[in-house]
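My entries follow the structure.

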Amino acid sequence: MTSPFSPARIVVLSGGVGGARFLQGLLHHHASPGTAAAAPEVTVVANTADDIWLHGLKVCPDLDTVMYTLGGGIDAERGWGRTDETWHAKEELEAYGVEPTWFGLGDRDLATHLVRTQMLEAGYPLSAVTAALCQRWQPGVTLLPMTDDRVETHVAVDDATAPSGQRVVHFQEYWIRLRAEVPARAVVPVGIEESAPAPGVLEAIAAADVVLLPPSNPVVSVGTILGVPGIRDALRAASAPVVGLSPIVAGRHVRGMAAQMLAAIGVETSAAAVAEHYGARDRGGVLDGWLVDTADAAEVDRVRDAGIDVRAVPLMMTDEEATAAMVREAYAVAAARAVR
Ligand code: GDP
Ligand code: CA
């Protein structure tokens, strides 16, 4: 099937693994025979609130997952980090007893963090550093951090030994060391109020023919991107349709910890509840359209009642072709909106 809607400028707000897989499908769709002749300009605005400083190095997991995935350097089985990775530096750090030991810092991956940190310390903003790293990886998209400012998500968890009964850990510690196995009581993107969109972010959204919210985590990936002052308003003001895809299928996240994050902000883990949480653009939210999985077809009316155009289609990113089909469905929803 050839999509009748062929946007020339596409903006995608992405987290790590879910966003990167979606982008693979999107590029696959546009590379397919029969798709519009000119390749579109794809701008990816990536979450940077997962970033963490480790052993003096700035690590940007979501930016790197997108860059490595689209650049052919990702360990496809793990979904993060480099192919053909070794862990000698991590073992040596552990032998020195240097904390934290729970973060997976591979030897090949370390080179990326060394280059990034060196450039940041020389005064380059993260957006310029990211562009420099992409010179090597050629991801086929313009990869922008959501902001050049430091924003780091922290999670409050129960701790009986703390006077308040709670303790706050970095998002990476919650996810990797605690394996998201304890309830998250609050999610706080530290620094977000003082942050500003990275250069090019607002311009790309304003110039877009379509804005896509991939099935990334609605709280700690897309949620933090929308939390950067100015980005939500840019989406609301965009002339392009904004279409999202549900990361929740049959009442569960497909992978990751979206359910724990949604619980922390008081949103039920369902495709319809996530759509309501984003909200319809003409009712103060950010969405024009939403795709739910066929398993959630019963939720279609609820999404429509929220003022959002909706379709129930297969949403499992099993391979690039299946993901490309999801992109075409998103375009079909966008096309219907664009002609209104
Ligand atoms: P992270 O930063 O690595 O956690 O990745 P993202 O935030 O970009 O994406 C994580 C989200 O992707 C999780 O909430 C998953 O539920 C969702 N996800 C992963 N694989 C699939 C899939 O095949 N289909 C759908 N609909 N969602 C998926
Ligand atoms: Ca992430």
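I worked from a predicted model, in which local features need pLDDT of at least 70, side-chain atom pairs count only at pLDDT 80 or more, and totals for chains, interfaces and linings use all residues. Residues are numbered from 1 along each chain as its sequence is written, chains are lettered from A and ligands numbered from 1 in the order written, and side-chain values use heavy atoms, without hydrogens and water.

I looked up the shell of ligand 1 (heavy atom within 4 Å) and found 20 residues, the closest being Pro215, Ser216, Ser221, Leu315 and Met317. By class, I noted nine nonpolar, nine polar and two charged residues in this shell.

I then checked polar contacts (N or O pairs within 3.5 Å). A polar side-chain atom of Ser221 is 2.6 Å from a ligand 1 oxygen. Val17 places a polar backbone atom 2.8 Å from an oxygen of ligand 1, and for Met317 a backbone N or O atom lies 2.8 Å from a ligand oxygen.

I searched for cavities, sets of points on a 1 Å grid over the protein atoms alone where a 1.4 Å probe fits but cannot get out. One cavity of 30 Å³ or more was counted. The largest cavity holds about 60 Å³ of space. I listed its lining (an atom within 4 Å of a point), which includes Leu54, His55, Lys90 and Phe103.

Note on methods. A polar contact is a pair of N or O atoms within 3.5 Å; within protein, one must be able to donate a hydrogen and the other to accept it, and residues adjacent in sequence count only if both atoms are side-chain atoms. Ala, Val, Leu, Ile, Met, Phe, Trp, Tyr, Cys and Pro count as nonpolar, Asp, Glu, Lys and Arg as charged, and the others, Gly among them, as polar. On a 1 Å grid over the protein atoms alone, a cavity is a set of points where a 1.4 Å probe fits but cannot get out, and a pocket is an open set with protein on both sides within 12 Å along at least five of seven lines; lining residues have an atom within 4 Å of a point. Grid points are joined across faces, edges and corners, and a volume is the space filled by probe spheres set on the points.
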